[in-house]
Amino acid sequence: MLPDDQDTQPLVAENQAVFVDLFQQYLTTGVQSGQIPADKDLKAIALILFTQYNGLRVITKATPEIPHVEAAIHALLQLLD
C-alpha cells in the first residue's frame, strides 16, 4: 500500500520516528555507561534495530524457528561491540 496510501504513510513514518528515537536513547545510555563504544553511529544503528525489529516480527510469524531468530539477533548485537 505504501508509499501511495496517503492515510497510512504518515502513521508509518511517525511509528518509525518514535521507535528510532527510542532505540537511539537506549544506545546513548549504553554509550554513557561504557557498554557501547563512543565511536558508533547511534542513529544508523537505531535505524538498523528498527528494521531488524520489524523484519523479525514478520519472519517469526512465518517460520518461528528460535535458533534462526537467536542467530540473527546475535549477529545484530555484534554491531554494538
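Predicted model: local features only at pLDDT ≥ 70, side-chain atom pairs only at ≥ 80, totals over all residues.
Visitor: Okay, how do I read two packed helices?

Guide: Two packed helices are described by the angle between their axes and the distance between the axes. The helices are DSSP runs (H or I, at least four residues), numbered from the N terminus. Axes are lines fitted to C-alpha atoms over the stretch in contact, with angles from 0 to 180 degrees between N-to-C directions. Here, the axes of α1 (residues 9-32) and α2 (residues 42-62) come within 8 Å and cross at roughly 125°. That makes α1 and α2 oblique to each other (under 35 degrees is roughly parallel, over 145 roughly antiparallel, 65 to 115 roughly perpendicular, the rest oblique).

Visitor: Which residues of α1 and α2 meet?

Guide: From α1, they include Phe19, Phe23 and Leu27; from α2, they include Leu49, Phe50 and Tyr53. The residues of this contact divide into 12 nonpolar, four polar and one charged (Ala, Val, Leu, Ile, Met, Phe, Trp, Tyr, Cys and Pro are nonpolar, Asp, Glu, Lys and Arg charged, the others, Gly among them, polar).

Visitor: How many aromatic pairs are there?

Guide: Rings of Phe, Tyr and Trp (its six-membered ring) pair if their centres lie within 6.5 Å; planes under 30 degrees apart are stacked, over 60 edge-to-face, the rest tilted. The count comes to three aromatic pairs. Phe19 and Phe50 make a tilted one, 6.2 Å centre to centre with 45° between the planes. Phe19 lies in α1 and Phe50 in α2, so this pair ties together parts 31 residues apart in sequence. Phe50 is buried, at 11% relative accessible area, while Phe19 is partly exposed at 26% (buried is under 20%, exposed over 50%, partly exposed in between, with a 1.4 Å probe and protein chains only). Phe19 and Tyr53 are stacked, at 5.3 Å and 25°. Ring pairs link Phe19, Phe23, Phe50 and Tyr53 into a cluster.

Visitor: And at what angle do α2 and α3 pack?

Guide: About 175°, with the axes of α2 and α3 (residues 66-77) 11 Å apart. That makes α2 roughly antiparallel to α3.

Key
Residues numbered from 1 in each chain as written. Heavy atoms only, no water. Helix = DSSP H or I, 4+ residues; strand = E, 2+ residues; numbered from the N terminus. Contact = heavy atoms within 4.5 Å.
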